[in-house]
Every structure is written in C-alpha cells, then in structure tokens.
Amino acid sequence: MAAETTFKAGLEDVIANTSEICFVDGKEGRLIYQGYDIHDLVNGGASFEEVIYLLWHGELPSKAQLEKFTKEIATQRALPKQVLDFLKTVPKDANAMEVLRTAVSDLGFYDPDNGDESIEANVRKATRLVAQIPTIVTSFERIRQGLEPVEPDASLSAAASFFYQLRGKKPTEFEERAFNIALILHADHELNASTFSARVTAGTLSDMYSSITSAIGTLKGPLHGGANEQVMNMLLEIQDKDKAQTWIKEALENKRKIMGFGHRVYRTEDPRATHLRRLSKEAGELAGETKWYEMSQIIEAYVKDTKGLNPNVDFYSASTYYAMGIPTHLFTPIFACSRISGWTAHVLEQYRNNRLIRPRAEYVGKVDQKYVPLNER
Ligand SMILES: CC(=O)SCCNC(=O)CCNC(=O)[C@H](O)C(C)(C)COP(=O)(O)OP(=O)(O)OC[C@H]1O[C@@H](n2cnc3c(N)ncnc32)[C@H](O)[C@@H]1OP(=O)(O)O
Ligand SMILES: O=C([O-])CC(=O)C(=O)O
C-alpha cells in the first residue's frame, strides 16, 4: 500500500509528461501548436499538411519543404491490396471506428519499415499513416455501399482528397476550405485520452502501429472523439428546433450528459468551437438548411445558461459535417484522420525521450485474507 495518497480521479490536472508539441490554456481558452495560436493558423490560411509538418518538426516548413512533404503524403495514399481485401471481408454494418482500429493494426504488417524502430523509419511510418487512414475510412464506406474504392489523386490536398475518395468527385471550394480548417482544429490537443493511450503504448517501446491502434480504440468512446457522432444523433432525435429546449431540460433533469458540452481542461469557450460554429452556419446556409445550426444555437444558449457549460470541439463539428452531406458514422473516423497527426507527433516525442509510463493505484481492496482450500469452501 502506498504510504501517502496523491490520487486524482481521472488523473485530473496531473502532469504526466513534458511536451513541446501543444499547449492547452484552459483558463484563457487558447490552443497553441508549437507556439502558434490555432486562430492564427486558421485565419492565416494554413493547410493541414503545413500543420502536420509543424507538429512533427517544431517549425513551419519553407515553401519547398511543404511542397515535398505534401507530395510525400499525397503519393502514399493507396492501401496495400491485402488491407483493401481485408476491408471487403468486414461486416457491412460494422462500426467504422472498429474497422479503422483493426485495419490500422493490419496495415502495420505491410509497412516497408515494419520492424525498423529508428526515428527516421518512424517518421516514414507516420507519413504513411497520415496518408492512408483517410483511405481506410473512405474505402470502407464505399465498400459498405457496394461501390469500388476510388484510386487516390495525388494532385489533391488532404482535405480535397477525403471528399474525392469518398464520393469519386472533387469537393466544392467551401467543402475543401471548411474541411481543411476542421482537420487543423482537430490535429492535436496535448494529453487528451487517446494521445495518452498512444504515449503509454509507445512508452513500453512498442511500435508505431500498436500505439496508433491503442489511440483509435480510445478516441472511439462517447466521452472523447465519439461525442461528435452522438451530438448529431441527439440533434436528429430532437428533429424540431422548437422542441430543443424542452428536450435538453428533460435530459438534464434525468442527469444525462449533453454530448458536445463540457471539457476537462477548458473553463472558457473551446477555441475550436468558435471556428466550427461559424462553419456550421456557413455550411447550413450553403446547403439551404440552417435548422441544425439554429437548433445547436438554442441548445448552446440553454446549456450555458442553466449549467454554465460551453460547447467543445465536437458540438458544432457535428452540424458542420452533416450539412456537408457526410454520413454521421464517419464523424469520429474523420476526427482520427486529423488526430493521427498529433498522435504520431506525440509517439515520436515519446520515443525521443522515453521513460516507461507506469503510475500507481491506491489499493483500497481487502487485506489479510486467509486462503481456504477449495474443498473446505
Ligand atoms: C474531443 C473531446 O474529447 S471533447 C469532450 C467530448 N465529450 C463530450 O462532449 C461528452 C460530454 N461531456 C462530458 O462527459 C464531460 O464534460 C467530459 C467527459 C468532457 C469532461 O469530464 P470531466 O472533466 O470528468 O467532468 P465531469 O464529468 O466530472 O463533470 C463535472 C460536472 O459537470 C457536469 N457535466 C459535465 N459535462 C456535462 C455535460 N456534457 N452535460 C451535462 N453535465 C455535464 C457533470 O455532470 C458534473 O456535474 P456534478 O459535479 O454536478 O456531478
Ligand atoms: O483534450 C481533451 O481532453 C479532449 C479534447 O478536446 C481533444 O482531444 O481534442
């Protein structure tokens, strides 16, 4: 038994490692990647590829570096045939996050650098993961619909490629711009649950694919990345914006959590929600259906007023993606398409400065039990 206890339920506010990658300022509501405020990255017109480079290398790329890096990602989107074949064997009604988790695990077998644990090899694995996770997500969606996966087009940006591989046609200017912003906003978030999971796995000096498989399994839960899908299910269940307030009031009275609200770290508005609120409005207007945005606004006002809770990143991403015609069950896999950049950055950082992650539990179980042989019980 530990002599003195420093137990914090859910590890709240516990500092588990140092990191140079990302700073979440929960008091001021700021999110900083390698010293750059996300507002500046979004408003300055950064590309998702640029942000991945920043997260991995700690500095913005030059024009030539970005061109080279973007090409490296774009030319590695195709999946090994064995992984595509695997996707064809999966039950059509399988959960898309479970499919992604298992397919990423499978992908590791065919990585040409599998078994090479050098930092250089792990950066190459990370690049393939960033390129291929969206292909897994979009290919399985097409297979599920009885369609053939679309061959990737290396001339497209990460944001445009997602739509192209999903629908077989290029996105609109708005879709590409909005999706690029969404990818940037979801890219990293310090020691969130899935990143912690990835770092714990990497901390045993297990491989990159095992670390990312752990992270995907963790992101799936509705208290974490899975919340975006649950937000949309809630909006769809409410259906009528005039019923939103009563629905939420009853849910709160029944002690239900309202998906897309609250955060372990932010005590103010989640700075990502500021951009996603605007995109949700714009996406709704372009789609000619602003109901989901308006309903979200009513819910936000009510939950803020009654519970003092702010929307998190998952709240307005739901109505944004829905207005762009993206199926609800792809919302959390899309989160993974972005967060793979942060997960891999953290795994690389863990490898560079590793120590096994092994906290303690405070023992609260029985003591001094006397063993009674089986035939005497
Ligand atoms: C990408 C992301 O992972 S962002 C988070 C996505 N998850 C969600 O949106 C799910 C809904 N939100 C939640 O469940 C929580 O706010 C979490 C999991 C995000 C944070 O949880 P914690 O830091 O553990 O806070 P905890 O759940 O203890 O909540 C503190 C209090 O606020 C309440 N609360 C927090 N979030 C909510 C919510 N969404 N709806 C209603 N009440 C809430 C809790 O009931 C609790 O009240 P109490 O003290 O009266 O019991
Ligand atoms: O930081 C967290 O706990 C959850 C979150 O917002 C994220 O992972 O983006």
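You'll find Lys255 in the loop between α12 (244-253) and α13 (271-287). Keep in mind that this is a predicted model. Here's a quick tour of the rest.

**Positive phi angles**
- Lys255 isn't a glycine, yet its phi is positive, at about 60°.
- Asp13 also isn't a glycine, and its phi is positive too, near 65°.

**Where Asp13 sits**
- Look for Asp13 in the segment before β1 (22-25).
- Asp13 is exposed, with 9 other C-beta atoms within 10 Å.

- Gln65 belongs to helix α3, which covers residues 63-74.
- With 14 other C-beta atoms within 10 Å, Gln65 comes out as partly exposed.
- Glu50 is 15 residues from Gln65 in sequence, and their C-alpha atoms are 9.4 Å apart in space.

**The chain as a whole**
- The protein chain has 16 helices and three strands.
- Its C-alpha trace spans about 70 × 55 × 45 Å along the principal axes.
- The radius of gyration is 22 Å, which agrees with the value near 21 Å that a compact globule of 377 residues would have.
- Buried residues account for 45% of the 377 in the protein chain.
- Take the contacts between residues at least 6 apart in sequence: 76% of them join residues at least 24 apart.

How values were computed
Residues are numbered from 1 along each chain as its sequence is written. Chains are lettered from A and ligands numbered from 1 in the order in which they are written. This is a predicted model: local features need pLDDT of at least 70, side-chain atom pairs count only at pLDDT 80 or more; totals for chains, interfaces and linings use all residues. Helices (H or I, at least four residues) and strands (E, at least two) are DSSP runs, numbered from the N terminus. The radius of gyration is taken over C-alpha atoms; the globule rule is 2.2 Å times the number of residues to the power 0.38. A residue is buried if 20 or more other C-beta atoms lie within 10 Å of its own, exposed if 12 or fewer, and partly exposed in between; C-beta atoms are placed from the backbone. Two residues are in contact if their C-beta atoms, placed from the backbone, lie within 7 Å.
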